[in-house]
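I opened this notebook to record a few local features that I looked up one by one.

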Amino acid sequence: MSNLQDTQTYAPGQHPDMPPPLATRGIIGWMRKNLFSSIGNTILTLVAIAILWRIVPPILDYFVFDAVINASNREECVAKGTGACWAVISERFQVSLYAFYPEAERWRLKLTFLLLFVALGPVLFDRFPLRKQMIWFSLAYPFIAIWLVVGGFLGLPLVETKMFGGVMLTLIIGITGITFSLPLGILLALGRISNLPAMQIVSVAFIEFIRGVPLITLLFVASTMLNYFLPPGTEFDLLLRVLIMVTLFASAYIAEVVRGGLQAIPKGQYEAADAMGLKYWQAMRLIILPQALKISIPGIVNTFIGLYKDTTLVLIIGLFDVLGIMRSALADPKWNGLSTEVYIYTALFFFVSCFAMSRYSLYLEKKLHTGHKR
């Protein structure tokens, strides 16, 4: 009755828009649309709920409610509770982060990690405060990071790279490979499609050779074979050799991803650049590469995520990344038999890192979206 009275107070065509029915909006509307839109979907939803009802509570009981956080060994964990023994993670947490890095110098790693976000901010986000000025800090950050982490000059004591390990080693290898493989991969992609025969042959040979060899083989070459080709008495840091090999390996894959983006650019874009009188590098920098890189974002991020996870392969040449450090805990008689907790902790670390890269990729795709998305 009240609705009828309301409609009679407005002139024809002047009634304000009414909100949609309650059953079609909010959480109820979402459930009707996505979970109970048909008989088949309703059955599948009920089956999924029944399965989750059976498996989720026991998992939460084991890993959360009945878990033991504080204990000195596995036997004490078993005595305190029937759930997971996270005490092994509590005891090994500092080691998993810093490995053998001197405890008195760990402030340098913490400062380097904080400065990493300051350096990435101007590169990743357009609205970062003082972006134009801070970009110079981003360019200088690799040298600042080397000085802080390794030291040996300007007042900081030297920390040998054989003491690196854990999360810090994973981040060093992953970030270095990602940072330097992208520009090198772009140059290789341009070289592969170049009209200069020498440049094309060198690029193709490099890309095909690197892609035809497993990363584990390159790491073996870096750790053992490379010394045979160096002058006697030459000392070449193992971590530096690994960083070079990882960068070269990732750059070959990035080159092919970027080449796919370059081939997707219509010929008219090249002709438009020529019509504007742009030279080769001007056309590439202003017209071609921005479009090619935008198209290649999913493939580039996919390569980066793969590279980041492949850093665990350094374990086979004697470097202890986060996985190697945590696996060493299993060799301790105090924590023997707790592989589930150790591997879950390591998996969560990689998931958080890779998921962050994936989400930034989506953010970048949305930001660069120009209306051509299908």
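I worked on a predicted model, in which local features need pLDDT of at least 70 and side-chain atom pairs count only at pLDDT 80 or more, while totals for chains, interfaces and linings use all residues. Residues are numbered from 1 along each chain as its sequence is written, and side-chain values use heavy atoms, with hydrogens and water left out.

Entry on Arg92. I found Arg92 in helix H5 (residues 87-98), helices being DSSP runs of H or I with at least four residues, numbered from the N terminus. Arg92 counts as buried because its relative accessibility is 16%, where buried means under 20% relative accessible area, exposed over 50% and partly exposed in between, with a 1.4 Å probe and protein chains only. Leaving aside residues up to four places away in sequence, I noted that Arg92 touches Met326, Ser328, Ala329 and Asp332, contact meaning heavy atoms within 4.5 Å.

Entry on Leu364. I located Leu364 in helix H15 (residues 339-367), and at 19% relative accessibility Leu364 counts as buried.

Entry on Leu52. Leu52 sits in helix H3 (residues 39-65) and, at 45% relative accessibility, counts as partly exposed.

Entry on two loops. I looked up Leu130 in the loop between helix H6 (106-124) and helix H7 (131-149), where its phi is near 55°, a positive value in a residue other than glycine. Leu154, in the loop between H7 and helix H8 (166-192), also has a positive phi of about 55°. Most residues other than glycine have a negative phi. Leu130 is exposed at 60% relative accessible area, and Leu154 counts as exposed at 69%.
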